[in-house]
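User: I am new to this structure and would like a short tour. Could you take me through it?
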Amino acid sequence: MADINRIKKELKDCAKDSETSGLEVKLVDEANLLHWKGAIKGPIGTPYEGGIFRIDIVLPSDYPFVPPKMKYDTKIWHPNISSESGAICLDILKNEWSPALTVRTALISLQALMSAPEPDDPQDAVVAKQYKESHDEYCATAKFWTETYASPKMPGLDMLLSMGFGEEKAKAALLKCDMNVDAAMEALLSEA
Amino acid sequence: MLVGGSGYLRVAEEEMAVQLLPSGLYASPRLCEAVRGHEPRLQHQLQHGAPAAAVLADLRDIAERRIGTSAREALPPAEFYERVIAELDGLGWSVLLSLSPALDEVELLQRDDAGREHAITMILPSEYPRLEPRTRTALPAPFEISWPRAATTGRPEYSLAAVMSQFKRELQKHQLLWDILDDFDANTWVLEPLHPTRDCVMRRIALSGNCSLQISLHVGAPTSLPELLFLGADRILRPLREALNSNLGVWSVQRGVRENLQDVLQTQFPSRPQTALGEGDAYTTECAICYNYRSLDDTVPECACDACGKPYHGTCLNEWLRSLPTTQQSFNRLFGECPYCSRPIAVEMFADRILG
């Protein structure tokens, strides 16, 4: 049986400094203490800056003796995170876990991982190869993915919404037209 | 069934609904009726963490005894009630704390010289005042009542007033003991018991560096050196033990136990922090693995890392160390690393923890 008290205290601790730490967690369902959703801000000075990355957190029944299971819900272009599934390659979430760590410290480690990728221990080989061989291209892709998938708001979306287009359609059009607002508008108009 | 659960209890061929919550016990009306008068004790057991199974077994025993004997106990005669009411009139109703509906259980309040409040419960047999009432108190020593004897017949005369005056005299005996205990409660950080009753002469108080000291006073000689038990990391406790051994001559029965202890141990006992426990608190006493003070099997964090002082339940440390391939075992001890500071730590092996 997972320790209910520890989990409750961890939740409380996470809530305490959510404004300064750039971390946020909440329960998916108030009745289930073992399934959390976390959100971390992309570190400043990285291609992930400006993005909000959502993390799925599942605490196994024998937590804290085993690490929490974490994966990215938000798509991200990063050598240590699968661009397909969001699976994370990070030692403390595997054999370097210790009960001295918490969900909060694990999320901070993820933030650090986003600042300093480790391409020699990759989760996504394609990204890792790009990171090592053509770094500029990696930065551009990662930035584009951040803007596309992790931005709290898409640039130009407000404008399209104010013109009366539906949110779903406007987002789809923006994605299709590489975030070019004019092209997206034209596409939406021609559709209509 | 665990605390927090609900279910049915089979009493004398009958299923009765019952629900156990940390806040109390809830049962069907018939079951409530059957255990009437025993609620405070059951409640007390629950609040002090007695295992649910034991509380339920107790509950069933009581209920079966009442329900099983279908012939109801004969009601006491009318004189019984008149007598009880008259006695309460005499004592003054302000001292009455509680009274059972059948008037057979009376809880009265007595103040000692220092103004501390003490409760005494008297259970009156239906033949009262011909038969002796039973009393229940929270005193550190047994309380024997010597009843006044009637001049003519030589038979003991039972009365509530006699009990109350003797109770008051009995309270005098323990004034010094309670003064010392109150002094600990007010000026140190008492970790255990959380809600001390007047019969409890033990206090576990916080020391610096996650350590604690369990003090058990002697009821007969409260100002003498109490029984001491040091809990925590040896690194911090060793100097205290050495100070205790070399300074025992300083102990003076004329002074308070707290002052004596502080002088002998050459330390100041930290007082209770005003704010709630936070991260990085130097006196955290919760287990650093499960974040609880009391574990599921009701132990306190009895292990501590000698290097960083983090406290652990032996069971938690066992479970963690056993999951690591680097942990060594020698006889019945496990040798591994502290989860926080990675320095060597050893713990006695426990049998497999029963997971609830």
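User: To start, how many residue pairs are in polar contact between chain B and chain A?
Analyst: This is a predicted model, and between chain B and chain A the count is 4 residue pairs in polar contact, both residues at pLDDT 80 or more.

User: And which classes of residue does chain B present on the side that touches chain A?
Analyst: That side of chain B has 10 nonpolar residues, along with 2 polar and 2 charged ones.

User: How many salt bridges are there between chain B and chain A?
Analyst: The count of salt bridges between chain B and chain A is 0.

User: What area do the two chains bury between them?
Analyst: Chain B and chain A bury about 1400 Å² between them, and 57% of this lies on carbon and sulfur atoms. On the chain B side, the residues that lose the most area to chain A are I289(B), Y291(B) and W320(B), which together make up 40% of what that side buries.

User: How many residues are in contact?
Analyst: The contact involves 14 residues of chain B and 13 residues of chain A.

User: Changing topic: how many helices and strands does chain B have?
Analyst: Chain B has 9 helices and 16 strands.

User: What share of chain B counts as buried?
Analyst: Chain B has 356 residues, of which 40% count as buried. Chain B also exposes about 19500 Å², with 52% of that supplied by carbon and sulfur atoms.

Technical notes
Residues are numbered from 1 along each chain as its sequence is written. Chains are lettered from A and ligands numbered from 1 in the order in which they are written. This is a predicted model: local features need pLDDT of at least 70, side-chain atom pairs count only at pLDDT 80 or more; totals for chains, interfaces and linings use all residues. Side-chain values use heavy atoms; hydrogens and water are left out. Contact means heavy atoms within 4.5 Å. Buried area is the accessible area (1.4 Å probe) that two parts lose on being put together, summed over both. A salt bridge is a side-chain nitrogen of Lys or Arg within 4 Å of a carboxyl oxygen of Asp or Glu. A polar contact is a pair of N or O atoms within 3.5 Å; within protein, one must be able to donate a hydrogen and the other to accept it, and residues adjacent in sequence count only if both atoms are side-chain atoms. Ala, Val, Leu, Ile, Met, Phe, Trp, Tyr, Cys and Pro count as nonpolar, Asp, Glu, Lys and Arg as charged, and the others, Gly among them, as polar. Helices (H or I, at least four residues) and strands (E, at least two) are DSSP runs, numbered from the N terminus. Buried means under 20% relative accessible area, exposed over 50%, partly exposed in between (1.4 Å probe, protein chains only). Accessible areas come from the Shrake-Rupley method with a 1.4 Å probe; for residues, only the protein chains shown count as cover.
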